[in-house]
Amino acid sequence: MINSIDTALYLSQRLKTSGWHIVSTIGLGLAAVVLAFFGQDFLADARPLFPVIEQNYAIWQTAYAAVLFLIGLLWVVAMSQRVTLFRDCQQRIAKQRQLDDEREERAQHALMVKMERERLRAEAEPVPFFKRNPRSSKFDY
């Protein structure tokens with residue numbers, strides 16, 4: 001019983017943690033979208049300030065787009081892992097509840113069988129350990 005309670009507590013904490021991980025991953029994704037939106041403008045504004053960017057602006061712009069694509073891809077992978085972990089936790093909690101219900105039903109059934117046996121024992125006539133006839137057919141010493 002204690003093991004079942006510990007498992008349920010662990011799974012509920014894991015479910016809560018994975019939910020917060022999903023929220024934080026979404027928040028990081030939104031922050032990346034905002035930075036991506038303004039980053040293109042910042043790159044264009046930095047063009048006259050830095051001669052390196054001015055000379056190779058197309059390369060910088062392509063590299064920026066590639067990095068954004070990579071970050072987006074990594075974000076999608078992280079979200080899929082977080083959601084998979086969340087679903088796994090939900091399934092394990094459901095399975096744990098199902099097992100707990102089954103154990104409870106078995107214990108209840110065992111208690112009912114035990115009570116039925118005791119009732120039948122109480123209703124049955126007691127079997128004596130000796131014969132009621134004081135005279136035996138054997139020799140008494």
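These are my notebook entries on a predicted protein model.

**Ground rules**

I'm working with a prediction, so I kept to the limits set for it: local features need pLDDT of at least 70, side-chain atom pairs count only at pLDDT 80 or more, and totals for chains, interfaces and linings use all residues. Residues are numbered from 1 along each chain as its sequence is written, and side-chain values use heavy atoms, with hydrogens and water left out.

**Confidence**

I looked up pLDDT, the predictor's confidence in each residue on a scale from 0 to 100. The protein averages 82, and 87% of the residues score at least 70. Of its elements, helix α2 (residues 51–55) has the lowest mean pLDDT, 77, while α3 has the highest, 89.

**Overall layout**

I found three helices and zero strands, in the order α-α-α along the sequence. Both kinds of element are DSSP runs numbered from the N terminus: helices are H or I with at least four residues, strands are E with at least two.

Next I checked burial (buried is under 20% relative accessible area, exposed over 50%, partly exposed in between, using a 1.4 Å probe and protein chains only). Buried residues make up 11% of the 141 residues. The accessible surface comes to about 12500 Å², and 65% of that belongs to carbon and sulfur atoms. These areas come from the Shrake-Rupley method with a 1.4 Å probe; for residues, only the protein chains shown count as cover.

I also looked at contacts, meaning heavy atoms within 4.5 Å. Among those between residues at least 6 apart in sequence, 70% join residues at least 24 apart.

Tyr-10 sits in helix α1 (residues 2–46) and is partly exposed at 46% relative accessible area. From Tyr-10 to Ile-93 I get 83 residues in sequence but 9.8 Å in space, C-alpha to C-alpha.

Leaving out residues up to four places away in sequence, Thr-25 touches Trp-75, Ala-78, Met-79 and Arg-82. A polar atom of the Thr-25 side chain lies 2.7 Å from the backbone oxygen of His-21.

**A nonpolar patch**

On the surface I noted a nonpolar patch of Phe-69, Leu-70, Leu-73, Leu-74 and Val-77, with about 510 Å² of accessible area together. Patches take residues with over 30% relative accessible area and no salt bridge; like charges are joined within 9 Å, and nonpolar side chains (Val, Leu, Ile, Met, Phe, Trp, Tyr) within 5 Å. Phe-69 belongs to helix α3 (residues 57–123) and is exposed at 60%.

**Salt bridges**

How many salt bridges does a search of the whole structure find? I got four, where a salt bridge is a side-chain nitrogen of Lys or Arg within 4 Å of a carboxyl oxygen of Asp or Glu. I wrote down some of them:

- Arg-103 pairs with Asp-100, with the closest N and O atoms 3.2 Å apart. Both lie in α3, three residues apart, about one turn of the helix. Arg-103 is partly exposed at 47%, and Asp-100 is partly exposed at 24%.
- Glu-102 meets Arg-106 at 3.0 Å, N to O. They are four residues apart in α3, about one turn. Glu-102 is partly exposed at 34%, whereas Arg-106 is exposed at 58%.
- Glu-116 meets Arg-119 at 2.3 Å, N to O. About one helical turn separates them, because they are three residues apart in α3.

Technical notes. Polar contact = N/O pair within 3.5 Å; in protein donor to acceptor, adjacent residues only side chain to side chain.
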